[in-house]
Amino acid sequence: MRILAVALAVCVAAQGASAKQPRSQKAKPDNEQALTGPVGDPSGRWNIEATTTVGECPALIPPSVDIIDSKIVASPGPAVSSWGYVDEQGTIVARFTGQGERVARFHGTLRGGRGSGAWSSSTDLCGGTWRASRGDAAAQ
């Protein structure tokens, strides 16, 4: 029964995080780090801080990702493989696959030198939020 409750909570959290509102009615984040300003070129290293807010699971989100030509090319850490891209509006979509076919889906926005969004794992029944900041070392 507990697994069912956790699975339902993950699904509800993921749907709420991915629900789209019309641009004119989008709510601004409560925190002071609202993502404003030009999108810019996302190429480089992005340091990621992920927080688990639903369920309990081992780390699935890498501590950083390297982006070149709007594609994730490297993600050191627990992920065995990664896939992802950043579109022209700064929306990032990614998937990280770990040992044992554990999968985490990752989405949000990169703008200027900051980013934020949500992540979820249907394989581990957990999810949460993430924040990113542009690192000093650019991906080459």
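1. Phe96, Phe106 and Trp130 form one aromatic cluster, where rings of Phe, Tyr and Trp (for Trp, its six-membered ring) are taken to pair if their centres lie within 6.5 Å, with planes under 30 degrees apart counted as stacked, over 60 as edge-to-face and the rest as tilted. This is a predicted model, in which local features need pLDDT of at least 70 and side-chain atom pairs count only at pLDDT 80 or more, while totals for chains, interfaces and linings use all residues. Residues are numbered from 1 along each chain as its sequence is written, and side-chain values use heavy atoms, with hydrogens and water left out.

2. The structure holds three aromatic pairs. In one of them, the ring centres of tryptophan 83 and tyrosine 85 are 5.7 Å apart and the planes stand at 75°, so this pair is edge-to-face. Tryptophan 83 is partly exposed at 41% relative accessibility, and tyrosine 85 is also partly exposed, with a relative accessible area of 35%; here buried means under 20% relative accessible area, exposed over 50%, and partly exposed in between, using a 1.4 Å probe and protein chains only.

3. Phenylalanine 106 and tryptophan 130 form a stacked pair, with 4.3 Å from centre to centre and 15° between the planes. Because phenylalanine 106 lies in strand 6 and tryptophan 130 in strand 8, the pair ties together parts that are 24 residues apart in sequence. Phenylalanine 106 is buried, with a relative accessible area of 3%, and tryptophan 130 is buried as well, with a relative accessible area of 2%.

4. Which residues does phenylalanine 106 touch, not counting residues up to four places away in sequence? Its partners are Ile48, Ile61, Ile92, Val93, Ala94, Phe96, Ala118, Trp119 and Trp130, where a contact means heavy atoms within 4.5 Å.

5. The largest nonpolar core has 19 residues, and those with the most contacts inside it are Ile67, Ile92, Phe106, Leu110, Trp119 and Trp130. Such a core is a set of buried Ala, Val, Leu, Ile, Met, Phe, Trp, Tyr and Cys residues joined through side-chain atoms within 4.5 Å. At least two residues of this core come from each of strand 1, strand 2, strand 5 (91-98), strand 6 (102-111) and strand 8.

6. On the overall fold, the protein chain contains one helix and eight strands, which follow the pattern α-β-β-β-β-β-β-β-β along the sequence; helices (H or I, at least four residues) and strands (E, at least two) are DSSP runs, numbered from the N terminus. Of the 140 residues in the protein chain, 31% are buried. Among contacts with a separation of 6 or more, 46% involve residues 24 or more positions apart. The protein chain exposes about 8,600 Å², of which carbon and sulfur atoms supply 52%, as computed by the Shrake-Rupley method with a 1.4 Å probe, and for residues only the protein chains shown count as cover.

7. The structure holds one disulfide, defined as a pair of cysteine sulfur atoms within 2.5 Å, and this disulfide joins cysteine 57 to cysteine 126 with an S to S distance of 2.2 Å. The pair links distant parts of the chain, 69 residues apart, with cysteine 57 in the loop between strand 1 (44-54) and strand 2 (64-68) and cysteine 126 in strand 8 (residues 126-134). The link is right-handed, with 90° about the S-S bond, and both cysteine 57 and cysteine 126 are buried.

8. Strand 4 (residues 81-86) and strand 5 pair in the antiparallel sense over six bridges, given that two strands pair if DSSP finds at least two bridges between them. Valine 86 has isoleucine 92 of strand 5 as its bridge partner. The hairpin of strand 4 and strand 5 has four residues between the strands, and in it glycine 90 takes a positive phi near 90°.

9. Glutamate 101, in the loop between strand 5 and strand 6, has a positive phi of about 60° and is exposed, with a relative accessible area of 60%. Leucine 125, in the loop between strand 7 (114-121) and strand 8, has a positive phi of about 55° and is partly exposed, with a relative accessible area of 25%.

10. Threonine 109 lies in strand 6 and is partly exposed, with a relative accessible area of 24%. The C-alpha atoms of threonine 109 and threonine 91 are separated by 4.4 Å, although these residues are 18 residues apart along the chain.
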